[in-house]
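Reader: I have a model open and want to learn how to read it. Can we go feature by feature?

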Amino acid sequence: MSDAKASPPPVLPGSLKANPRLGQWLRFDASGYVELCPGKVEIGQGIITALMQIAAEELDVEPARIHLKAPTTAESPNEGVTSGSLSIQDSGSAIRHASAQARAIYLAQAAEKLGVDADVLRIEDGAIRGPDNLATSYWELADDALLDRDADPQVAKKPSGARTVSGSSLRRLDIPEKIFGEPRFIHDRMQASVLHGRVLRPPSPSATLKNFDDARAKAVPGLVAIVRDGNYIGVIAESEFAANKAIDRLRWDCTWDEKATLPDEYNLGQWLRSVPADSNVVASRENKDVAPKVRTVRRDFTRPFVAHASIGLCCSAAEWQGDALHVWTHCQGIYNLRADLALVFGLEPEAVVVEHMEGAGCYGHNGADDVALDAALLARAVPGKRVRVLWSREEEIAWSPHSPGMAITIEADLDEKGEIVDWRHQVWSNGHATRPGRGDNPTLLSAYYLEKAFPRIVAGNMPLQTGGGADRNAVPAYNFPNFAVTNHRLLEMPIRTSALRSLGATANVFAIESMMDELAKEAGEDPVAFRLRHLDDPRARAVIEAAAKRANWASRQKREGTGYGVGYAKYKNLASWCAAIAEIEADEEIRVRRLTIAVDAGEVINPDGLANQIEGGAIQTVSWVMKEAVRFDDTRITSVDWETYPILKFSEVPAVDIEIINRPDERALGAGEAPHGPVAGAIANAIHDALGVRVYDLPLTFDRIVKAMQEAD
Amino acid sequence: MSESIRLSVNGKEHDIAADPDTPLLHVLRQNLGLTGSHLGCGLNQCGACNVLIDGHVIAACDTPLWSAAGKQIVTIEGLGGRGNPHPLQTAFIDEQAAQCGYCISGILVTAAALLKSNPDPDEAEIRSALDGNLCRCGAHNRIVQAIQKAAKAMRSEGAAA
């Protein structure tokens, strides 16, 4: 401690740490462009545009000169999984650093060639100019050997005030193709595959095949092969129509033994609290110097299982050449998928090439990895031929990993004056992570159904220090003198669960913010003022104040049937700060009318892209909070289509008004998951404000609210 | 089972040799390479595969090939392209009215039909017209704004003509 002034040795930022070679990130091409090779993938969030802006800025080239290379395990940097709103932090910081260094290397090269000092040279759109009309360019100097070296931790980057491209609302690269219906999605680019595959899922997760009869399916014209491996059944055909027809026949003709292994949907909280669990206090603060408690307020909350419910269907293509496998996928982590595919087929990872292509909106660990295994399993029956596999809507909703149901209990101890002296937050939930590539066994769906079935993995959680899982955002943001957070991770997993946008944060913040509103009401304080009184962090206070001001919180008009509520969280307790104010209207139905959101994500790379992410996240949260729950009976998942799993419709979408607090000199933080918790809390509080009742179980459906009103009478 | 069926898509005639029960969407994507219309559910519940058939918005996923024979089909590719964008396409790019974009082609088709029958829809009319089109990313409000913008552009174009 005596040597506290010595600064730590500089380290490489973000993903550059694990992938230090500069040439892996970018290269200059003599024909006049820069090839940028991030390992993070586009999943509908606009990330590639933001990464391109960062590179263009540091390199001093027009953004149009940056060509994005699709990630592939054959050569791209291993940036793990594109998740957790970390791409700007991990990849953006790496690309900024690598680009700045590449610029310096090329500038030195130019100086040598031109016989001048590097500091008299300037770069304009890749042209390097000096005094007396001296000139060269990246393109003239282009030589991959120059970047065939590791990054140096120390490199000068542009000061924030000099940035012009990064920080502007550059239009997204990928949007025109999507607007003109040009092939950009994997579904479209792989459509011309020779063969098409489909899978017959069992009727329920633990069903086993009783009688296999493929006589009628075999007779479908255009059928190429039927693959059966244990409880796994798939077909390959010359057309999608034929593949579907064969699957339909197999569905009729095969019979299964089913077991009632699913919990009681109507007593979810009870089930969650009764399953054997691994229980740990994951965070706490102790301060004995407080007034004694005189009473405890306890509230119990639940959240149902939630589906990804992307509009697109999971899709993949695969092709075997001998023992080498090539897979095209829209998954979030190409290296992770490669590791699990290698496990299933008993191959060295290097025998598998996983190449990314864009898919439909991805909000977490959906079925993208699973369908890649399906493609590989089916393609194995037709060596040398590429097979494209597309999931059905039913597979998408019922068989993708679900976000787990959660039960939460919060107890707040109050002293004589009503001040909060202790706060205990408990959460019961399956883990929020069964991502592939992290263990000795694969986590890919179909691996559980093969003749040599792999053991089923029970979901875990990341440690809280890196964001947590079920316990994400369970740590209160407020300055309570004492608190303890206990996470009960269930050790049984009848419904397969994994990561969905924000993981446990939405439910935890919903619970915390509901509780804070109740305590504010008991204390007779304004909910915004009550929160501010419990917050020391100036950036937290700033977003709440900004949202309140923008929503005219102080002068809001209380009218019959309308209500206003506030919610706040700092995502993961370590990323973007976000506050939301919801306005709801209750008459024959209950509708969220308006959301006003303030967000601080540090340095903003693309303001419109950030607003789009916040707006999208907020609207998705309205859908989760007001409508969504995966339905099931004791045996089968019964949410199988858009009628049995309805999501928000256009006419139900509220107005969303966003204020971004830009801090160009602060670290850029991911924000795509920041609004979920605050919006969920704000809606619950607005409903209470309008109707005087509180619903503790998500979703906040009309029936539940009416029931709460009847009980209150 | 296969027979030849004549299909008119985006103003071009095609003779399709396929089972007449094949969903129109499969034919558009697989036989004609028009992959802009997307399969989202196969159940006529999400609108991702919407096309115009004789001017009506129809889900191509559960429309059998035989029923489209001899009718005028327009897909997203027929609405406009880079050289001749439909005002809706221009407005969607201006407003950055998409996130993942998978639902967008079906939404553009629905919106094109709306603006044909109602050149000056209010916000509620636009939202109600789009209730059969699902979007999961939360691009709804930008989409509505883009349609309003396109409607305005088309009206002033019409007035100028």
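Reader: Let me start with a single pair. Which residue does Tyr568(A) stand opposite in S22(A)?

Author: This is a predicted model, so treat each value as computed from it. Strands of a sheet pair through backbone hydrogen bonds, either parallel or antiparallel. Here Tyr568(A) stands opposite Ala579(A) in S22(A). The two strands involved are S21(A) and S22 (residues 577–586) of chain A, antiparallel over nine bridges.

Reader: What is the strand order in the open sheet that holds this pair, and how is the pairing described?

Author: The order in chain A is S21-S22-S23-S24, four strands with mixed pairing. S21 (562–570) and S24 of chain A are the edge strands, and each pairs on one side only. From one strand to the next, the twist averages 15°.

Reader: How many bridges join S12(A) to S20(A)?

Author: Eight, with S12(A) and S20 (residues 483–490) of chain A running antiparallel. One facing pair is Ala277(A) opposite Leu490(A) in S20(A).

Reader: Zoom out. What radius of gyration does chain A have, and what would a compact globule have?

Author: Compare the value with the expectation for the chain length. With 713 residues, a compact globule would come near 27 Å; chain A has 27 Å, so the two agree. Along the principal axes, its C-alpha atoms fill a box of roughly 85 × 75 × 50 Å. Of the residues of chain A, 55% count as buried. The secondary structure comes to 17 helices and 24 strands.

Reader: How is chain A divided into domains?

Author: Some domains are made of more than one segment. In chain A, domain 1 is 14–172, domain 2 is 187–258 + 314–391, and domain 3 is 406–432 + 468–712. The centres of domain 1 and domain 3 of chain A are 38 Å apart. Their contact takes 19 residues from domain 1 and 20 residues from domain 3. On the domain 1 side, H1 (47–59) and H2 (87–114) of chain A each supply at least two residues. That side has five nonpolar, 13 polar and one charged.

Reader: Last, the chain interface. How many residues of chain A are in contact with chain B?

Author: The size of an interface is often given as the accessible area lost when the parts come together. Here we count residues instead. There are 46 residues of chain A in contact with 46 residues of chain B. Elements that each supply at least two residues of the chain A side include H7 (240–253) and S24 (655–660) of chain A. H15(A) gives the largest share, eight residues. By class, the chain A side has 20 nonpolar, 15 polar and eleven charged residues.

Conventions. Residues numbered from 1 in each chain as written. Chains lettered and ligands numbered in written order. Predicted model: local features only at pLDDT ≥ 70, side-chain atom pairs only at ≥ 80, totals over all residues. Contact = placed C-beta atoms within 7 Å. Nonpolar A, V, L, I, M, F, W, Y, C, P; charged D, E, K, R; others polar. Rg over C-alpha atoms; globule rule 2.2 N^0.38 Å. Buried ≥ 20, exposed ≤ 12 C-beta atoms within 10 Å, placed from the backbone. Domains from an automatic or database assignment. Pairing = 2+ DSSP bridges. Axes fitted to C-alpha atoms, helices over the stretch in contact; angles between N-to-C directions.
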